[in-house]
Amino acid sequence: MADGIAPGAQGESTLTPEFLDEWRNAAYNCYSSGHKFCREVCPVMQVTRDERHTPTTFHANVVAMEKGFLSLDDVAEDYVNCTQCGACELRCPNTLFTGDFYRFRTRTVDLVKAMRSLAVEAGIEQPGWKEWNALTDRYKNEPVLNGQPSLQENVADWAQGLDLPIGGETVLFCDCEAAFYRTSLPRAVARILKHVGYEFGLMREQWCCGGPAAEMGYAEQARRFAEHNVADWRAVGAKRILVLDPHDYIAFTEDYPAYFGDELDFEFVLVVELVAELVNEGKLQLTQPIERVVTYHDACRLNKRKGIHKAPRDILRAIPGLTFKDVDHVTQWSYCSGAGAGFAIERPEVAAEIARRRVDKAAALEIDTLVSACAWSERPLTEQGGKLERPIEVLDLMEIVAQAAGLEVG
Amino acid sequence: MAVTSLSEGLVDELRGICGHDYVFTGRSARFNRARVPAPFPVHRWDEFVPDAVVLPRAAEQVSEVVKLANRHRVPIVPRAGGTGLTDGAVPLNGGILVDVKLMNEIKDIDLVDRTVTVGPGINMLKLNEELRRHGVIYPDNPASYPCSLVGGRIGTSGWSLIGGRYGHTRDLVISFQIVLPTGEIIEVGDGGGRKVRKSSTGFQLKHLFMGHQGTLGIVTEATLELVPRPEAEFSAFFAYPDYDTAWRSTGALAKSGIATLAGVVLFDERKLAYLRRDDEAYIPQPPEVRSVVATAMYGNADEVRVGAKRLMRIGVETGGNYLGDEISHGDWAARHDRYATPLHGRLRSGQVVPMSWHCEDAAIPYSALPKVREEWHAIADSLMERFEMFDDWGMFAYTNGPYKPWGDYLTEIDIGIWEMQWDDESWAAWVQAKKDISAVALRYGGSITACHGASREGEVDLVPDELGGGWEVMKKVKKALDPHNVMNPGKYLLDEAYEEGES
């Protein structure tokens, strides 16, 4: 009955030797396991229940391609179905029980990025991503304004009236979504830092960090954007880069070192960790009671990708008046807003359902506010939170901190 | 891109039944539903690929797909988690693969009559995340607890690590809805009554459909047992200087009559040697420890506390040394993550290679465990002498009875297989070894399989020997329920039912 398959039966691999050298063992490690513990924590799989959207398939495809059973054409679309949240890597028994000893870690996110790049190189492009990255390339910032261009001349409009200098030893990098859409977030960060006398400046010409392009497979473009930003930092004498969004933090601490190696001599400071330190050291006093009942959304790229889950909770616990109903960070491995890795561009309905389920879990805690520390998560969560019978407001952690410090927000 | 041997008209009919977005004919969708974790001849992957995949969302859709398959005489293969250790979900003749993962809803939680009704695509861990807030759990707890699905548990008649206390899948599934091979939707239980645990009305049809490996229909809904979420868990690991002492101690612990005892697990000497060599998550023990027994108890705190004292006394009196809280609690708590243990093995040179874990899972009477152990290791040794791709990872024996941890044991020999190396010769040797392993089990009064199913190449040849006259009944049942042999054809040698001369 399987004669329809015969023409594609075992033949030549369509993968290059270099690709196979990097991924063969990882692919077989996953293939050999068959555990699939990754599956029920995967935000995409939880919605679609489609076996193609699993790390198992992402790895098994490599095996099948090496054996000549499948081609890039056959599998390229599978790799669209990932938010690169990293939950599967944490849940993988190969990471959990052999990782330390053999210095092995399941790297599904990197595999997804690599396969997306292969597809783009081979001319297999997803229409939404193609347009998104073309617009980003044209305007130097991601097109986050629903069709309206994110013009370079407007990249620092968010800072109007804040009197921020250009350049200096410490430079704040403001994410595209924050710079053009959720401007209340960078304004809150700037006010907090100015309030405690922490000196920083802005870039001369900030471009998108390039991370999203890398996530969607546009590797050359990602690299070009990274080179521009690094040159700009050097030109203004920056030594330290403040990062207010987890997605950028991933690009700076994972992609940029891969591009530039030891030449990348900047310190990348996550604003959430800096603010937690300021609060813990008493340099930032949070004195204004915030009468809200909140829970915290663990941003995937902080919690799952970087293991950062304590700092945001420390901050929330330092805010007077707040009722904080916490859900532990391991339980939140299976949560996501759906906003990562361009997934929402290509699969908006599934992404919205992921966000709806996340907000539902928050609503079950009988809270009025969902606090996040990721600009990208805040738009989809706000949209879904607003649809609830008892709507939930979504605030960024820095916005709530600014309020608690008695600072203006917005 | 979509090339299948099904006609486009038939695929259109599938789309009409399930909806356009729930029918897949692309190569990746089909290849990635061809295999399960059981040893799989990767070099022949293309022989096991279905022609189309459907993801139904309702029993009526499943029923219509099955009727369509009957009209066109096209094979149907049901698939739930695809995590099975036999090949129930592996298509042997192409056809339509019915993937039930989207049928994962919780339909009814009844805290009064203590049942939960679910779709077959739900996972037990996810179900229990919802149930725990009500103070109850569904205690079907296999090693694959975080990934296997209720439908597959029924299809394989699964086994639970804590079955000695709470029962196994067949005991915990009270009733279910199944689409028969001809498309009718029926409810089966012990008798009638979706929430009735024990009935004497008619034949006990629930058991007929337990472990059918997809040959008798597709489960579309199940009503499950709820038990109080245990207040207390107590696990204790004991160490022994040799296997025989540990085996005698296992018998004493299992027969203790402690009501909260959920299971006793015996690790043999080669298992210990393997864990020492290659499982860095296993907490090291002194070299004089050659065999280990693990125990676990669940229940109300006051009951467990008293039972634990008795259990500790028996363990020590029968030659065991308590291994301490760290290993006892840590290792037991990690039991799911450690299923398949380290996922790597070694060549004789000591080189580490990625290996699949495979376990044979016969049910063996307690009295025969030492003999079976010797003979099974000899079979594995013979394999390893001829092929470097196999590695003997030792044996476990788990108490196998539901609600009573004595009698026979799920006896498991774990064999690491470097699956990248499969070729026809090694595959044939493996199939023969499985047959030999099964033959030993039968010779000692056991059964080929306690939990996976016996439909794989090699062992399946001995199913008629094990079942005797029952095998003839099995074929008659199959032919009566599935006159056109559309439901997972080729499995369990049941094609024989349709050969000339069979009535």
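**View 1. Chain A is split into three parts by its domain assignment: domain 1 (8-121), domain 2 (151-276) and domain 3 (280-404).** The model is predicted. Look at domain 1 and domain 2 of chain A. Their centres, taken over C-alpha atoms, are 31 Å apart. Domain 1 of chain A brings six residues to the contact, and domain 2 of chain A brings six residues. On the side of domain 1 that touches domain 2 in chain A, two residues are nonpolar, two are polar and two are charged.

View 2. Take the whole chain first. Chain A has a mean pLDDT of 94. In chain A, 95% of the residues reach 70 or more.

**View 3. Helix 1 (residues 17-33) and helix 3 (residues 55-66) of chain A pack at an angle of about 120 degrees.** Their axes are 8 Å apart. From helix 1 of chain A, the residues in the contact include Leu20(A), Trp23(A), Ala27(A) and Tyr31(A). From helix 3 of chain A, they include Pro55(A), His59(A), Val62(A) and Glu66(A). By class, the contact of helix 1 with helix 3 in chain A has 11 nonpolar, two polar and two charged residues.

**View 4. Helix 18 (residues 348-363) and helix 19 (residues 375-385) of chain A cross at roughly 65 degrees.** Their axes come within 9 Å. The angle makes helix 18 of chain A roughly perpendicular to helix 19 of chain A. This crossing of helix 18 and helix 19 of chain A is right-handed. Helix 18 of chain A contributes Ala351(A), Ala352(A), Ala355(A), Arg356(A), Arg358(A) and Val359(A). Helix 19 of chain A answers with Pro380(A), Leu381(A), Gln384(A) and Gly385(A). Six residues of this contact between helix 18 and helix 19 of chain A are nonpolar, two are polar and two are charged.

**View 5. Helix 9 (residues 243-254) and helix 11 (residues 301-317) of chain B cross at roughly 155 degrees.** Their axes come within 9 Å. Angles over 145 degrees count as roughly antiparallel, so helix 9 of chain B is roughly antiparallel to helix 11 of chain B. The crossing of helix 9 and helix 11 of chain B is right-handed. Ser249(B), Ala252(B) and Leu253(B) of helix 9 of chain B meet Leu311(B), Ile314(B) and Gly315(B) of helix 11 of chain B. Four residues of this contact between helix 9 and helix 11 of chain B are nonpolar, two are polar and none is charged.

**View 6. Chain B is assigned domain 1 (8-99), domain 2 (106-228), domain 3 (232-454) and domain 4 (468-498).** This view shows domain 2 and domain 4 of chain B. Their centres, over C-alpha atoms, are 24 Å apart. Seven residues of domain 2 of chain B take part in the contact, with nine residues of domain 4 of chain B. On the domain 2 side of this contact with domain 4 in chain B, three residues are nonpolar, four are polar and none is charged.

Definitions and conventions
Residues are numbered from 1 along each chain as its sequence is written. Chains are lettered from A and ligands numbered from 1 in the order in which they are written. This is a predicted model: local features need pLDDT of at least 70, side-chain atom pairs count only at pLDDT 80 or more; totals for chains, interfaces and linings use all residues. Axes are lines fitted to C-alpha atoms, for helices over the stretch in contact, and angles run from 0 to 180 degrees between N-to-C directions. Helices (H or I, at least four residues) and strands (E, at least two) are DSSP runs, numbered from the N terminus. Angles under 35 degrees count as roughly parallel, over 145 as roughly antiparallel, 65 to 115 as roughly perpendicular and the rest as oblique. A crossing is left-handed if the near helix is turned anticlockwise from the far one by less than a right angle, and right-handed if clockwise. Two residues are in contact if their C-beta atoms, placed from the backbone, lie within 7 Å. Ala, Val, Leu, Ile, Met, Phe, Trp, Tyr, Cys and Pro count as nonpolar, Asp, Glu, Lys and Arg as charged, and the others, Gly among them, as polar. Domain bounds come from an automatic or database domain assignment. pLDDT is the predictor's confidence in each residue, from 0 to 100.
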